[in-house]
Amino acid sequence: MTITVRPMTLQETAMIIEYFHSATPEHLEMLGVDPSRLPQASHWQRLYAQMFDQPIEQRGGFLVSWLNHDQLVGFSTADKIRVGQQANMHLHVIEASQRKQGIGVACVRQTVELYFQTLKLKQLFCEPNAFNVAPNRTLQKAGFKYVKTHMTVPGPLNFHQAVNRWVIDRS
Ligand SMILES: CC(C)(COP(=O)(O)OP(=O)(O)OC[C@H]1O[C@@H](n2cnc3c(N)ncnc32)[C@H](O)[C@@H]1OP(=O)(O)O)[C@@H](O)C(=O)NCCC(=O)NCCS
């Protein structure tokens with residue numbers, strides 16, 4: 001495994017759109033994503049183009065590519081960003097066949113450092129669906145601390161659900 005974690009290029013954002021739009025209903029359910037809330041692909045691509053017109057510190061989101069042996073294998077996104085304070089992150093290995101091999105933990109560890117440095121964070125949160133075992137195990141292994149389980153709508157693509165809040169607190 002040779003992992004590289006770096007800010008995503010605009011061209012690579014098409015992969016995020018394809019990931020969600022080609023996902024099975026079962027996968028979206030596990031992620032806590034409501035398929036009816038996914039933006040239409042062309043509209044979504046325009047939103048990313050607008051995002052990339054802004055400097056990183058002023059964007060509503062920060063996108064990170066995960067590569068193994070120079071192949072794109074996954075991505076992380078950060079949102080709810082308050083530069084100098086806190087942000088929330090998400091984590092995805094694209095192909096099911098590449099999961100459960102240690103890529104997630106290795107990428108999350110490097111991504112955490114990238115978010116803390118770039119966004120000058122004090123706290124980094126992640127709130128996966130409480131019933132989605134893979135991210136919950138991965139976050140704990142990557143050094144996140146469990147905070148609580150609560151009901152919420154975590155983001156604009158999600159339905160109301162139970163999530164576990166995890167944090168890395170360097171304040
Ligand atoms: C979450 C995800 C990024 C983790 O990446 P990964 O490469 O599969 O994780 P790793 O191989 O590094 O595994 C990390 C730990 O989680 C455990 N784990 C991973 N997937 C698991 C699963 N499906 N069931 C149980 N444990 C799992 C691993 O066993 C490992 O723990 P261990 O070393 O103590 O055994 C990946 O599984 C994924 O993309 N899942 C689908 C998308 C998703 O659910 N994203 C979360 C949205 S917030």
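**Close-up views: cavity and ligand site**

**View 1. The lining of the largest cavity.** In this predicted model, the largest cavity is lined by Asp79, Lys80, Asn88, His90, Glu127 and Pro154. Strand 3 (71-82) and strand 4 (86-93) each give two or more residues to this lining. Strands are DSSP E runs of at least two residues, helices H or I runs of at least four, numbered from the N terminus. By class, the lining has 3 charged, 2 polar and 1 nonpolar residues. The largest cavity holds about 30 Å³ of space. A cavity is a set of points, on a 1 Å grid over the protein atoms alone, where a 1.4 Å probe fits but cannot get out; lining residues have an atom within 4 Å of a point. Volume is the space filled by probe spheres set on the points, which are joined across faces, edges and corners.

View 2. A side-chain N or O atom of lysine 141 lies 2.5 Å from a ligand oxygen. For arginine 137, a polar side-chain atom is 3.1 Å from a ligand oxygen. Glutamine 101 places a backbone N or O atom 3.0 Å from a ligand oxygen.

**View 3. The shell around the ligand.** The ligand is surrounded by 21 residues (a heavy atom within 4 Å), the closest being Val93, Gly102, Gly104, Asn132 and Lys141. Helix 5 gives the largest share, 6 residues. The shell divides into 10 nonpolar, 7 polar and 4 charged residues.

**Notes.** Residues are numbered from 1 along each chain as its sequence is written. Local features need pLDDT of at least 70 and side-chain atom pairs pLDDT 80 or more, totals for chains, interfaces and linings use all residues, and side-chain values use heavy atoms, without hydrogens and water.

Key:
1 Å grid on protein atoms, 1.4 Å probe; cavity = no way out; pocket = protein on both sides within 12 Å on 5 of 7 lines; lining within 4 Å. Nonpolar A, V, L, I, M, F, W, Y, C, P; charged D, E, K, R; others polar. Polar contact = N/O pair within 3.5 Å; in protein donor to acceptor, adjacent residues only side chain to side chain.
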